[in-house]
Amino acid sequence: QSLILILLVLGLGLWFGHESLQHSHTDPWGSDRKYFEGFTELVSKASKPVPPMVFEPDIVSHLIDTAEPAVIIKSRLAQWPAIKKWKTEFLMENLPTLNVHPSAAPWVRIHSQVQPFGQIEGVNWQRQWEEKVISGAQFFAPSSENYYLTMPVTNLPEAMQIDLGDFSDFSVPWRSIWEANVWMSNAPTTMPIHYDLLHNFYCQIRGDKKFNLFPPSDAKYLYVYPRLHPSSRMSQVNPTQLERFPDFTSSRPLEVVLKPGDVLYIPPYWFHHVSPAGNVTSVSVSIHTESDYVSLRDDMQKIQPPYNSFWSQNMKRDVLAIFLISLFSEDPQTNLDFVPTGDFFKSLERRYESLQHDYEVIGLVEALSIQDSEARFTLPKSFESGMLRNFKEPILRSVGALKHVMQNYQDKAILHIELANHIEDLLNHMLPKQEIYKMIRSLAALA
C-alpha cells in the first residue's frame, strides 16, 4: 500500500510540480522521491481507518443521520452477478470500444470551463488529459498508459446492466437517485482531493480502490479552488511542495482500501482522494442520492443585496461590501453567529493566492491581478457613508433572509463552504472579474 500511495503522490506532484509563474514543463519527478516518501509517512501517521459496518435494513438512514463515512460489509452487493462475472475477458467482450480519458499524468483533474473563470479571454487552460476512443482490449490489458473512464450505468450494454443489483439498498429513503455512474481506471490513475454535494454510496465491483477522506471542517487546510474556477470543488494542494500549502499538514484524513463487495458511504462535502490500489483495472459504481444541501445552495442563490446595473462601479462595490460586512457584524439580528467568522475572508483569500502555483493555467493570475497583492479598495464601514443610508433597510432585509435560510442547516463547516461559494457568486455578478480578488483582499483587511 505504501508503494501505491507513493504513486498517488507522484501523480499529484505533476499537478504543481513546476516553477509556478514560469509554467515550465520540466519533469519534476526524479529529484523528489525522498520527499514523496516523507509525505507518505506523514499521511500514514495522520490517517485513521474508516470503520466497517455490517449491512442492516436501516443502515442507510443511520449513516445519513451520523454524516460520517463508513464501509458497509456483508451487504447484497456481494451477491451482484457482476462481482463474479466481470473478469477481464468478459469486460473486453462486452465493451469492445470505450470513450476514455487518457492522461499525460496519472491523475484526472476536473476542468469545467462553463465556470466564469473558464470564459476569460486570453487565459490558456492546459489539461493533462484528453478524450479518446480505444478498444476494450487496450483498456483492460496491463498498460503503462493512464486511462480513466466514467459513464452512466444506463450506457452499459444490457448484458452488463442486468449484472447489477437493486440500487435501493444504497440510496436515501424517499429521495431520488440523481445518478448512478460506472468508474473504471488503472493504477496509478488518481482523482485528486475534491468534494461532492450528494450522498454517495460507492460500490466496489472489481479490483481494489483506495480512499483518503477529509471532513468538511478540514476545508480550511485544503486550499480549495475558487468557486468560479473550472476546477471548483477540488483542492489545490501539491503534496510535493508542502511549504506552499503549510496548513495541509493540520488535516486529519481517514483511509480505506475497498475490496470487491465493499460499499463506502461518502457524506456530502466530505473531501476524498481516490485511486486504484493494485494491478487490476478497478471497476466501481457510485450511487448518488439527493442531499438537503443542494436546496441550501439553491435557496442562497435567490438572495442578493440591492443591485442596479446602471449604478456606478463604486456604488456596486460599496453596497456589496456593506452587505457582506453586515453578515459578520456584532448585531445579533443580522450576524451569522453560527458560522466561524474569525478568519472567514482570509480563508476566502487563500483560494486565490494559491492560484499562482497552478502551472496548468496560463494568464489567470494576470487576469485577476493576483500578483498585485497590496492593492485594496477603500470600503465603507457603516451605512453612514454616501448613498448607503438610503439602502440600509433593503440591505439588512437581504442579510436577514440569508441568515434565515442558513439557520435551517446544522453543519457549520458546510455552511462555511457554501457561504464562501455564495459570496464568490455575488462578487462575480456585481463586479468585473479583475476586481474580485482585490475586493476579497479589501474585505480581509477590513475584517
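How many bridges join β7 to β8, and do these strands run parallel or antiparallel? Five bridges join the two, which run antiparallel; strands count as paired if DSSP finds at least two bridges between them. Tyr 148 stands opposite Ser 185 in β8.

The model is predicted: local features need pLDDT of at least 70, side-chain atom pairs pLDDT 80 or more, while totals for chains, interfaces and linings use all residues. Numbering starts from 1 along each chain as its sequence is written, and side-chain values use heavy atoms, without hydrogens and water.

Strands (E, at least two residues) and helices (H or I, at least four) are DSSP runs numbered from the N terminus. β7 and β8 belong to an open sheet of seven strands with mixed pairing, in the order β2-β3-β13-β10-β15-β8-β7. β2 and β7 stand at the edges with a single partner strand each, so one side of each has no neighbour in the sheet.

The largest pocket has a volume of about 760 Å³. A pocket is an open set of points on a 1 Å grid over the protein atoms alone, where a 1.4 Å probe fits, with protein on both sides within 12 Å along at least five of seven lines; lining residues have an atom within 4 Å of a point. The volume is the space filled by probe spheres set on the points, which are joined across faces, edges and corners. Of its 34 lining residues, Ile 110, Glu 179, Trp 183, Asp 196 and Arg 233 lie nearest the centre. β8 gives the largest share, five residues.

| Strand | Residues |
|---|---|
| β7 | 148–152 |
| β8 | 177–185 |
| β10 | 199–206 |
| β15 | 282–289 |
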